[in-house]
Amino acid sequence: MIKPPRIWISNATPAKGERVRVRAQVTHRMETGLRNDDGGKAILRNIVNRFEASLGGQPLFEWNPQISVAIDPYIEFVFVADKSGTLNMVWTDDAGRKQTAARDVTVAG
């Protein structure tokens, strides 16, 4: 069973114009494709190759990691709160599998 992504938001009820810091970590093996299994057969590459974050349907941040990123990749980003909405985050790997997380952000005032 895959653990859900770990998410931390500095303030889920920020004032309008306040900077909000988001930290997120997803569980993923991040297989580079450069190793062999015990039988000598190449292990296929399967890394998280895309991360997207949006708030209320508006894109906030996109990231395209490469094979040098470690197992269970961690990401941190900051955005300025200007409206309330759901913060949606999506990690996509080479196999097309997606892991998602969502948190509500309510702008005060």
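Leaving aside its neighbours within four places in sequence, which residues is E31 in contact with? They are I43, L44, R45, N46 and I47, where contact means heavy atoms within 4.5 Å.

## About the model

This is a predicted model, in which local features need pLDDT of at least 70 and side-chain atom pairs count only at pLDDT 80 or more, while totals for chains, interfaces and linings use all residues. Residues are numbered from 1 along each chain as its sequence is written, and side-chain values use heavy atoms, with hydrogens and water left out.

## The overall picture

Welcome to a protein with zero helices and seven strands. Here helices (H or I, at least four residues) and strands (E, at least two) are DSSP runs, numbered from the N terminus. Read from that end, the elements run β-β-β-β-β-β-β. The C-alpha trace spans about 60 × 25 × 20 Å along its principal axes.

Of the 109 residues in the protein, 31% are buried. Buried means under 20% relative accessible area, exposed means over 50%, and partly exposed lies in between (1.4 Å probe, protein chains only). Among contacts between residues at least 6 apart in sequence, 57% join residues at least 24 apart.

M30 has a positive phi of about 55 degrees although it is not a glycine.

D72 is another residue that is not a glycine but has a positive phi, of about 50 degrees. Its place is the loop between β4 (58-63) and β5, and D72 is partly exposed, with a relative accessible area of 25%. As background, most residues other than glycine have a negative phi.

## The nonpolar core

A nonpolar core is a set of buried Ala, Val, Leu, Ile, Met, Phe, Trp, Tyr and Cys residues joined through side-chain atoms within 4.5 Å. The largest one here has 22 residues, and those with the most contacts inside it are I7, V22, F51, F79, L87, M89 and W91. Two or more residues come from each of β1 (6-9), β2 (19-25), β3 (48-55), β5 (74-80), β6 and β7. The largest share, four residues, is given by β3.

F79 is worth a visit. Apart from its neighbours within four places in sequence, F79 is in contact with E18, R19, V20, V22, L55, L60 and V105.

## A hairpin and a cavity

β6 and β7 form a hairpin with four residues between them, and G96 in the turn has a positive phi of about 85 degrees. The two strands pair in the antiparallel sense over eight bridges; strands pair if DSSP finds at least two bridges between them. L87 has R103 in β7 as its bridge partner.

A search of the whole structure finds one cavity of 30 Å³ or more. On a 1 Å grid over the protein atoms alone, a cavity is a set of points where a 1.4 Å probe fits but cannot get out, and lining residues have an atom within 4 Å of a point. Grid points are joined across faces, edges and corners, and a volume is the space filled by probe spheres set on the points. The largest cavity has a volume of about 40 Å³ and is lined by H28, V48, W91, T92, D93, R97, K98 and Q99. β6 (85-93) and β7 (98-105) each supply at least two residues of this lining, and β6 gives the most, with three.

Terms used
1 Å grid on protein atoms, 1.4 Å probe; cavity = no way out; pocket = protein on both sides within 12 Å on 5 of 7 lines; lining within 4 Å.
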